[in-house]
Amino acid sequence: MNKRRKLKRQLGKSYRYKKFMTAFEVKKLLESQMDKNQERLYASLIIGCVKIHVVLFPTPKGTALGCDIFVKDRPDSEEWICYDSLTEPFRYSALNLEQELFETLDKAVREHKLSYTDCNFEKLNGKTVSKI
(Lines give C-alpha, C1' and ligand atoms only; values in the text may rest on other atoms or scores of the structure.)
Protein backbone atom coordinates (compact mmCIF):
# COMPACT_ATOMS: atom_id res chain seq x y z
CA MET A 1 0.00 0.00 0.00
CA ASN A 2 1.42 3.41 -0.92
CA LYS A 3 2.02 6.26 1.54
CA ARG A 4 -1.01 8.29 0.43
CA ARG A 5 -3.38 5.38 0.96
CA LYS A 6 -1.84 4.61 4.37
CA LEU A 7 -2.33 8.21 5.49
CA LYS A 8 -5.87 8.23 4.10
CA ARG A 9 -6.72 5.11 6.10
CA GLN A 10 -4.90 6.30 9.24
CA LEU A 11 -6.37 9.83 9.31
CA GLY A 12 -9.93 9.11 8.18
CA LYS A 13 -11.91 12.38 8.15
CA SER A 14 -8.69 14.39 8.54
CA TYR A 15 -7.81 13.42 4.97
CA ARG A 16 -9.85 15.37 2.39
CA TYR A 17 -9.41 15.95 -1.31
CA LYS A 18 -11.58 18.26 -3.39
CA LYS A 19 -11.39 19.44 -6.99
CA PHE A 20 -13.25 22.68 -7.78
CA MET A 21 -12.93 22.81 -11.59
CA THR A 22 -11.86 20.68 -14.52
CA ALA A 23 -8.43 20.68 -16.19
CA PHE A 24 -10.12 22.14 -19.29
CA GLU A 25 -11.45 25.08 -17.24
CA VAL A 26 -7.96 25.63 -15.79
CA LYS A 27 -6.44 25.57 -19.28
CA LYS A 28 -8.92 28.22 -20.46
CA LEU A 29 -8.18 30.43 -17.44
CA LEU A 30 -4.42 30.07 -17.98
CA GLU A 31 -4.91 31.29 -21.54
CA SER A 32 -6.90 34.33 -20.43
CA GLN A 33 -6.20 37.40 -18.31
CA MET A 34 -7.87 37.28 -14.88
CA ASP A 35 -9.01 40.37 -12.99
CA LYS A 36 -6.27 41.88 -10.79
CA ASN A 37 -7.99 41.00 -7.52
CA GLN A 38 -9.30 37.61 -8.52
CA GLU A 39 -7.96 34.20 -7.51
CA ARG A 40 -9.52 30.82 -8.26
CA LEU A 41 -9.05 27.64 -6.27
CA TYR A 42 -8.51 24.63 -8.51
CA ALA A 43 -8.02 21.83 -5.96
CA SER A 44 -7.29 21.22 -2.30
CA LEU A 45 -5.80 18.34 -0.34
CA ILE A 46 -5.87 18.27 3.46
CA ILE A 47 -3.86 15.65 5.31
CA GLY A 48 -4.07 16.12 9.05
CA CYS A 49 -2.12 19.25 10.02
CA VAL A 50 -1.04 20.29 6.50
CA LYS A 51 -2.89 21.22 3.35
CA ILE A 52 -2.13 22.30 -0.17
CA HIS A 53 -4.21 24.57 -2.41
CA VAL A 54 -3.66 24.85 -6.14
CA VAL A 55 -4.62 28.39 -7.07
CA LEU A 56 -4.90 30.35 -10.31
CA PHE A 57 -3.88 33.98 -9.85
CA PRO A 58 -3.24 37.04 -12.02
CA THR A 59 0.27 38.26 -12.84
CA PRO A 60 1.42 41.15 -15.02
CA LYS A 61 2.15 38.60 -17.78
CA GLY A 62 -1.18 36.74 -17.53
CA THR A 63 -2.68 34.04 -15.36
CA ALA A 64 -0.42 31.68 -13.41
CA LEU A 65 -0.86 28.52 -11.39
CA GLY A 66 0.70 28.09 -7.95
CA CYS A 67 0.55 25.93 -4.86
CA ASP A 68 0.15 27.25 -1.32
CA ILE A 69 1.04 25.15 1.71
CA PHE A 70 -0.88 25.71 4.95
CA VAL A 71 -0.26 24.34 8.45
CA LYS A 72 -2.11 24.30 11.75
CA ASP A 73 -0.56 25.52 14.98
CA ARG A 74 -2.17 22.57 16.74
CA PRO A 75 -3.93 19.47 15.34
CA ASP A 76 -7.40 20.38 16.66
CA SER A 77 -7.27 24.00 15.48
CA GLU A 78 -9.91 25.28 13.03
CA GLU A 79 -7.59 27.91 11.56
CA TRP A 80 -4.89 27.44 8.95
CA ILE A 81 -1.66 29.44 8.67
CA CYS A 82 -0.09 30.04 5.24
CA TYR A 83 3.34 28.43 5.44
CA ASP A 84 4.81 28.64 1.95
CA SER A 85 4.02 29.23 -1.71
CA LEU A 86 5.63 26.82 -4.13
CA THR A 87 7.03 28.03 -7.41
CA GLU A 88 7.83 24.66 -8.92
CA PRO A 89 5.76 23.54 -11.92
CA PHE A 90 2.55 21.68 -11.19
CA ARG A 91 0.87 19.28 -13.64
CA TYR A 92 -2.70 20.52 -13.36
CA SER A 93 -3.91 18.09 -16.02
CA ALA A 94 -2.44 14.97 -14.37
CA LEU A 95 -4.61 11.88 -14.78
CA ASN A 96 -4.54 11.37 -11.01
CA LEU A 97 -4.67 14.91 -9.64
CA GLU A 98 -5.02 13.69 -6.05
CA GLN A 99 -1.75 11.73 -6.36
CA GLU A 100 -0.03 14.73 -8.01
CA LEU A 101 -1.16 16.96 -5.12
CA PHE A 102 0.01 14.39 -2.60
CA GLU A 103 3.47 14.10 -4.18
CA THR A 104 3.86 17.89 -4.22
CA LEU A 105 2.70 18.22 -0.61
CA ASP A 106 4.74 15.25 0.60
CA LYS A 107 7.90 16.73 -0.93
CA ALA A 108 7.26 20.03 0.91
CA VAL A 109 6.53 18.17 4.17
CA ARG A 110 9.83 16.29 3.92
CA GLU A 111 11.90 19.33 2.88
CA HIS A 112 10.53 21.57 5.65
CA LYS A 113 10.36 18.81 8.30
CA LEU A 114 6.62 19.24 8.77
CA SER A 115 4.26 16.57 10.10
CA TYR A 116 0.86 15.31 8.99
CA THR A 117 -0.14 14.44 12.54
CA ASP A 118 1.84 16.67 14.93
CA CYS A 119 2.36 20.38 15.37
CA ASN A 120 6.01 21.34 15.02
CA PHE A 121 5.52 24.95 16.01
CA GLU A 122 5.96 26.74 19.28
CA LYS A 123 2.74 28.40 20.42
CA LEU A 124 3.01 32.16 20.26
CA ASN A 125 0.72 34.25 22.43
CA GLY A 126 -0.21 37.39 20.59
CA LYS A 127 -2.87 40.00 20.61
CA THR A 128 -6.46 38.90 20.63
CA VAL A 129 -9.38 40.72 19.10
CA SER A 130 -12.33 41.32 21.38
CA LYS A 131 -15.87 42.22 20.36
CA ILE A 132 -16.98 45.68 21.33
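A residue is termed buried when its relative accessible area is under 20%, exposed when over 50%, and partly exposed in between (1.4 Å probe, protein chains only). The model is predicted, so local features need pLDDT of at least 70 and side-chain atom pairs count only at pLDDT 80 or more, whereas totals for chains, interfaces and linings use all residues. Residues are numbered from 1 along each chain as its sequence is written, and side-chain values use heavy atoms, with hydrogens and water left out.

One aromatic pair is found in a search of the whole structure. The pair is formed by Phe 102 and Tyr 116 and is stacked, at 6.5 Å centre to centre with 20° between the planes. Rings of Phe, Tyr and Trp (its six-membered ring) pair if their centres lie within 6.5 Å; planes under 30 degrees apart count as stacked, over 60 as edge-to-face and the rest as tilted. Because Phe 102 belongs to helix α3 (residues 97-111) and Tyr 116 to the segment after α3, the pair ties together parts that are 14 residues apart in sequence. Helices (H or I, at least four residues) and strands (E, at least two) are DSSP runs, numbered from the N terminus. Phe 102 and Tyr 116 are both buried.

A charge is also placed over a ring: the charged end of Lys 51 sits over Phe 70, 5.1 Å from the ring centre. The criterion is NZ of Lys or CZ of Arg within 6 Å of the ring centre and within 35 degrees of the ring normal.

Glu 25, in helix α2 (residues 23-30), is partly exposed at 38% relative accessibility.
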